[in-house]
Amino acid sequence: MQTDREHSLLSVESLQRVFVTREGFSTTRLEAVAGASFAIRNDRPEIYTLAGESGSGKTTLARLVLGLEHATSGNMYYKGRDVLHLTNKERRDWFLKEVQPIFQDPFATFSPLKRIDSYLYETTRNYKMATTREGIDAHVDEALHAVGLSLAEVRGRYPNELSGGQAQRVSVARALLTRPSLLVADEPVSMLDASLRMSIVNLFRTLRDEHKVSVLYITHDLTTAYYAADRIAVMLRGWVVESGPVENVLGEPLHPYTQNLKNAIPEADPEKTWEGDASLAVMDTEEYTRTGCRYAGRCPAVMDICKTTVPRDIEVQGRSVKCFLYDEEVPEAERTQAMANGAPVA
Amino acid sequence: MSPETAASAGMEQARVNEEARNVVEAEGLKAWYITQAYGVERTVKAVDDLTLAIREGEIYGIAGESGCGKSTLLKALLGEIVSPLTIVGGKVEYDFDAGKIDALKQTEEDREAIRWRRVSYIPQGSMHVLNPVRRIRDTFHDFIAAHQETTREQSIEMARNYLQELGLREGVLGNYPHQLSGGMRQRVTIALATILTPRLIFADEPTTALDVVVQRGVIELLKEVQKRENSTLVLVTHDMGVHANLTNRVAVLYAGNLVEEADTSTIFRRPRHPYTRYLIESLPRMGDRSERVGIPGRPPALDNPPDGCRFHPRCPLATDICRQEVPPLLPVEGIGNGTGPPHRVACFHQVDAPLEAGEIEHAAEMPHAD
């Protein structure tokens with residue numbers, strides 16, 4: 001699938017990553033990312049969410065975007081340039097400045113034996129963002145101010161002297177030092193308490209609105225995704241099954257998997273408890289190797305074609321859905337029947 | 001739903017439990033971590049002067065941020081006191097059919113006699129407890145045989161029936177743990193912990209680190225297990241969404257103290273403690289993108305908690321009395337009229353209003369929620 005390279009900040013096209021494991025004579029292929037496509041817009045900054053359960057391939061996709069993993073096939077363009085085939089120098093001098101990572105556990109990011117400000121100074125010097133001592137201090141202080149801290153609060157401190165929320169703010173500040181246009185945040189709030197989560201998610205909103213930084217926000221938490229994101233791509237076993245504006249995709253999900261996911265969110269409201277049963281995979285790897293649709297094994301609206309053929313991406317109601325239920329090449333009577341079987345919550 | 005109907009639903013719930021007796025009672029419980037290193041004694045008051053009663057057949061939730069004493073409270077209620085955890089004062093009693101049992105003064109034999117058959121425990125990250133080199137059916141057999149007379153055939157039959165009753169695929173009995181998904185392993189573990197029909201089940205963050213769909217399956221299973229024998233489930237989790245979906249009553253802990261306890265709908269609709277109000281208000285909700293603010297400041301270190309109300313440094317309503325005196329945990333007057341468990345709050349400045357966005361003044365000069 002070809003996205004609009006020229007008008008996208010980041011455009012990911014049919015990206016694939018296959019892991020091959022060999023044991024003796026047997027070879028196992030695991031397609032962790034299977035032809036995933038999405039694009040982050042260029043005209044204004046946005047928060048783009050990659051959502052999915054563990055084992056959906058969202059972290060592998062994030063690592064592919066960061067260049068920490070080699071793509072098996074597919075294309076990726078950043079600001080119109082092919083970034084899968086950069087020279088080391090181009091990568092170092094340009095791409096790594098433009099795209100910066102934020103990791104899951106702030107206490108695993110920083111060594112407990114090093115002062116936390118040393119990371120900020122090192123990054124500033126390595127990327128030659130400032131040269132004089134005063135210049136470096138000012139540059140670091142500016143990045144810390146963007147996340148609601150200051151150099152005076154952080155200078156000389158060890159990671160254990162900071163709370164989880166503060167440490168995660170410092171890791172966001174470190175990422176901002178190179179003045180990137182895109183932050184790739186892999187589960188940045190899953191180690192934090194609910195109350196602290198909001199402060200980090202609010203920070204992403206501030207960065208987008210005031211500092212014009214886009215965020216690729218990878219999470220399994222759909223409530224914070226709904227709260228913060230502009231657009232979302234829902235992943236299942238390496239596929240992007242539904243993508244589009246967050247109000248459409250999470251407001252009125254069309255793919256049976258997204259519907260299942262949305263129904264499983266425990267709402268903090270005693271009047272809205274769950275109804276019906278959740279459908280779960282019994283074994284993790286089974287769905288990766290399935291022929292046809294990878295959700296067919298537990299989809300309530302499954303049709304015969306789903307078990308044999310891989311569905312296409314269909315553009316419908318302001319989003320893209322990978323499901324035969326919306327494919328006009330499948331006879332309408334059959335689809336209506338399947339939808340009634342699945343009774344997807346309208 | 002209006003707050004009035006919510007309150008009456010709460011009272012109805014209270015009436016259901018009217019005749020229920022208390023299965024667990026804790027009184028003035030103080031569970032502290034006392035360590036000595038290089039001659040320096042350090043005391044962490046993880047649970048400090050806590051009184052509660054859990055009724056038979058209810059699902060009782062324990063909520064709060066990390067580091068507020070949730071897991072320590074659960075250990076004390078279980079009677080699993082391992083140094084440096086020390087019971088400094090208070091008592092915990094169980095009441096099953098045969099008189100009261102002092103949970104803190106049991107011998108190892110006493111504990112052995114009630115463990116799994118009367119009292120069961122589902123630990124955090126419990127999907128890792130299954131023996132990796134034994135099939136699930138062998139694990140079930142080992143487990144049952146350790147507690148009662150059985151043959152291999154009998155215990156496997158028992159496991160098969162139980163899994164069927166809970167709606168789990170009995171085929172998993174032939175699998176090894178690594179062949180199952182994380183959620184399935186977690187559910188098998190819950191089945192294992194409850195197969196001997198315990199009256200009282202303690203679960204410590206049973207769904208943390210699970211995906212939402214899996215989490216939902218696990219919670220539905222816990223509900224099923226509880227309903228089956230009308231046993232009592234005590235659930236510790238920081239996830240307020242899980243409390244809303246599963247529990248009948250919720251206790252909110254803050255810095256080792258019980259600050260508010262009420263039926264679930266009151267906790268979510270009409271909480272009176274400023275901390276509980278913050279906790280509920282800061283939750284993002286589907287379909288609502290209005291700005292939500294985290295709780296300012298952070299919980300105090302428990303080796304040197306602030307004087308007076310422990311929440312006062314973060315509380316927008318704090319006055320002088322909050323800085324000097326510890327607010328007592330008192331029943332709210334006029335609610336519950338003595339029938340069900342009362343709504344209890346420990347605060348000098350309770351807010352008596354239904355919860356709506358923007359109820360608490362979010363002072364602009366408040367520090368960031370770190």
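1. Two residues are in contact if their C-beta atoms, placed from the backbone, lie within 7 Å. With that cut-off, and leaving aside neighbours within four places in sequence, B:Val119 is in contact with B:Ile114, B:Pro198 and B:Leu200. B:Val119 lies in strand E6 of chain B; helices (H or I, at least four residues) and strands (E, at least two) are DSSP runs, numbered from the N terminus. A residue is buried if 20 or more other C-beta atoms lie within 10 Å of its own, exposed if 12 or fewer, and partly exposed in between, with C-beta atoms placed from the backbone. B:Val119 has 23 C-beta neighbours inside 10 Å, so it counts as buried. Its C-alpha atom is separated by 10.0 Å from that of B:Ser231, 112 residues apart along the chain.

2. On the basis of the model: it is predicted, local features need pLDDT of at least 70, side-chain atom pairs count only at pLDDT 80 or more, and totals for chains, interfaces and linings use all residues. Residues are numbered from 1 along each chain as its sequence is written, while chains are lettered from A and ligands numbered from 1 in the order in which they are written.

3. The chain interface. On chain B, 44 residues are in contact with 38 residues of chain A. Elements of chain B giving two or more residues to this side are helix H6 (182-194), helix H7 (212-229), helix H8 (240-246), helix H9 (264-269) and helix H10 (274-281). H7(B) supplies the largest share, seven residues. By class, this side of chain B has 18 nonpolar, 15 polar and eleven charged residues. Here Ala, Val, Leu, Ile, Met, Phe, Trp, Tyr, Cys and Pro count as nonpolar, Asp, Glu, Lys and Arg as charged, and the others, Gly among them, as polar.

4. Helix H10(B). This helix is mostly covered, with eight of its eight residues buried. Among them are B:Tyr275, B:Arg277 and B:Glu281. The cover includes helix H8 (194-211) of chain A. From chain B, it includes H8, strand E9 (249-254), strand E10 (257-263) and H9. H10(B) lies across E9 and E10 of chain B, at about 105 degrees to E9(B). Axes are lines fitted to C-alpha atoms, for helices over the stretch in contact, and angles run from 0 to 180 degrees between N-to-C directions.

5. The sheet of chain B. Eight strands form an open sheet with mixed pairing, in the order E6-E7-E8-E3-E9-E10-E12-E11. Two strands pair if DSSP finds at least two bridges between them. Strand E6 (119-122) and strand E11 (330-331) are the edge strands, each pairing on one side only. Strand E3 (residues 59-63) and E9(B) run parallel, joined by four bridges. B:Gly61 stands opposite B:Val250 in E9(B). H6(B) lies across E6 and strand E7 (200-204) of chain B, at about 165 degrees to E6(B).

6. Domains of chain A. The chain is divided into domain 1 (8-251) and domain 2 (253-346); the bounds come from an automatic or database domain assignment. Taken over C-alpha atoms, the domain centres are separated by 29 Å. Between them, 19 residues of domain 1 are in contact with 19 residues of domain 2. The domain 1 side draws two or more residues from each of strand E2 (26-41), helix H9 (222-228), strand E9 (231-236), strand E10 (239-245) and helix H10 (246-251) of chain A. E10(A) gives the largest share, seven residues. By class, this side has ten nonpolar, six polar and three charged residues.

7. The core. A nonpolar core is a set of buried Ala, Val, Leu, Ile, Met, Phe, Trp, Tyr and Cys residues joined through C-beta atoms within 7 Å. The largest has 189 residues, and A:Leu216, A:Tyr217 and B:Leu77 have the most contacts inside it. Both domain 1 and domain 2 of chain A give residues to this core, so it lies between them.

8. Backbone points to check. Most residues other than glycine have a negative phi, and most peptide bonds are trans. The peptide bond from B:Ser83 to B:Pro84 is cis, with omega near 10 degrees. B:Pro84 lies in the loop between helix H2 (70-78) and strand E4 (85-95) of chain B. A:Arg237, in the loop between E9 and E10 of chain A, has a positive phi near 45 degrees. A:Arg237 counts as buried because it has 27 C-beta neighbours inside 10 Å. B:Thr197 also has a positive phi, near 45 degrees, and is found in the loop between H6 and E7 of chain B. With 14 C-beta neighbours inside 10 Å, B:Thr197 counts as partly exposed.
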